[in-house]
Amino acid sequence: MSTKITNYDGGVITVPQKVVRPESVEELQAILKDTELFPKPVRAMGSFHSLTPCASSSGTIVLMSGLKKIQNIDTQKMALTAQAGLQLIEAAEVLRRHNLQFMLNIEIGNITLGSAACCQTKDSLDGVEFGQVNSYVTKIKWVTPTGELREASLEESPELLYLVRSSYGMCGIVYEVTFKIKPLEIVRFNYLIHNINDLTQERVSNIIAANESIVCWTVGRMVVIQTRNRTTKLKNSWMADIRRQGWSYTGAFVGKSIRLYTPTTTLKNLFENLWFSMQRFAYRFLSAIGGFSLYDPDKIINYERTPPSARYAFTFWAFPRDQWVNNLKAYLEFSENHFKKHGFRCNMPLGSYFIRRDASSILSYSHDGDIISIDPIHAYSDVDKAGWDFFLQEFNAWAYSRGGIPLLNQSPFVQKRHVVDAFGERWQKLSDWVKTVDPKERMLNPFFKELLL
Ligand SMILES: Cc1cc2nc3c(=O)[nH]c(=O)nc-3n(C[C@H](O)[C@H](O)[C@H](O)COP(=O)(O)OP(=O)(O)OC[C@H]3O[C@@H](n4cnc5c(N)ncnc54)[C@H](O)[C@@H]3O)c2cc1C
């Protein structure tokens, strides 16, 4: 009997014939070997927090939640080895007991380590060196499409690791990963407020040079540059809980409720403008109190208990760092025009992640240089789902025309021409490699089949 599985935000629904939850590597091998009982495409599924159908399958879905043991925490080599179904937040909690942490403590705590190892991710605030989680995976073990065991490691097969880090389960299912870790740190966030009209690329460069890393939030025409630096003392650390509550509940819940329950468009816009003003006030307040500091893993957010009424969705396109201010200005013009013409605008702050140049994986979106992204974020409900979907497609066209780079798991409605242009020769190389490792297309779902060359 077919089962319906829906992703976190409700935007992707998949109906596989078979859903399996192996609890051992042998079971996983047996699933991949048995082509009759477990029809293709066979797709691994972590927490299904992706915003595209990358994990979808009409054949077999392999739920990874039965494989979540920590195998080893090596304090000499500073590495954690765990099974692929373990969530980042679960692993971080164990590391914390040993005064250790991941190199990147990305916001999405529910990402599974398997997905983090072989998909695209982003984290600005810990991206002092690299901002993509798979750049810190040093060994990946997987079961091939025909059920054999394989591994790639930084020490013995860096070229293979470079490909597997971007494999999205197309070379098989990852069952064990080793990530670099480090001693627990305290980090400080400060908030620099700008008006978009006064912001220059030079100012952004100076801020980047003076801090370990940055992430930016734009509300209306106010641009907030959140800086990150290591520190030794906790300050206003109570803010960590408020921040978590804001992202995992309040921000999306209020935005969604205004859209859902305000009776007229005039009132809706009025309340929404008021809500944006409150958000700007919150950032000004954070700036005025000198920001706050927290234990770095407290940055990770658990979305497990977030009800559908408080969930948000987003998209992510990367742009060269030195064109960001121009792109941001152009985006604001694009989105304001879109609102005038179609009556739709996003109800959460626009995110912009600064990620340093990183050629650790074939689909690294900062392979050729530093990037700053443009990420519209929106909490939609039935009343504006169509408006959000249309906006996303218009935004894709806009971002594509400006040379943006999308992600396969975080840019809804991504198309072949987007990835062909964005990744160039690397897209061809990845497509060729997938053909050699899975000639019978056991892992290939329509989403990837359509995108690959
Ligand atoms: C509210 C929210 C906040 C988010 N915040 C961030 C953020 O801050 N930073 C960020 O980078 N991303 C963020 N994301 C996106 C999310 O991290 C990615 O989409 C991630 O890939 C989801 O991980 P998952 O474990 O749920 O994988 P899934 O969505 O289940 O799968 C993703 C892909 O990985 C494949 N896969 C999964 N497990 C395996 C395995 N063991 N072996 C081989 N292939 C596998 C799947 O087949 C699929 O192609 C956020 C998403 C949401 C909904």
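Reply: Start with the terms. A residue is buried if 20 or more other C-beta atoms lie within 10 Å of its own C-beta, and exposed if 12 or fewer do. Bear in mind that the model is predicted.

The helix is α9, residues 385–401. It has 17 residues. From its first C-alpha to its last, α9 reaches 24 Å, close to the 24 Å expected at 1.5 Å a residue.

Now the buried residues. In α9 they are W388, F391, L392, F395, N396 and A399. Why do they sit on the same side of α9? Because they cover an arc of only 145° around the axis. An α-helix has 3.6 residues a turn, so residues three or four places apart point the same way.

Turn to the other side of α9. There, A386 and S401 are exposed.

What do the buried residues of α9 pack against? Three of the partners are strands: β17 (317–320), β19 (371–374) and β20 (377–378). The helices α8 (324–342) and α10 (416–423) are partners too.

Next, the residue that comes after. α9 is followed by G403. The phi of G403 is positive, near 75°.

Last, the wider setting. The chain is divided into domain 1 (5–64), domain 2 (65–183) and domain 3 (186–417). The centres of domain 2 and domain 3 are 26 Å apart, taken over C-alpha atoms. Their contact takes 30 residues from domain 2 and 31 residues from domain 3.

Terms used: Residues are numbered from 1 along each chain as its sequence is written. This is a predicted model: local features need pLDDT of at least 70, side-chain atom pairs count only at pLDDT 80 or more; totals for chains, interfaces and linings use all residues. Helices (H or I, at least four residues) and strands (E, at least two) are DSSP runs, numbered from the N terminus. The expected span of a helix is 1.5 Å times one less than its number of residues. The arc is that of the directions from the helix axis to the C-beta atoms. Two residues are in contact if their C-beta atoms, placed from the backbone, lie within 7 Å. Domain bounds come from an automatic or database domain assignment.
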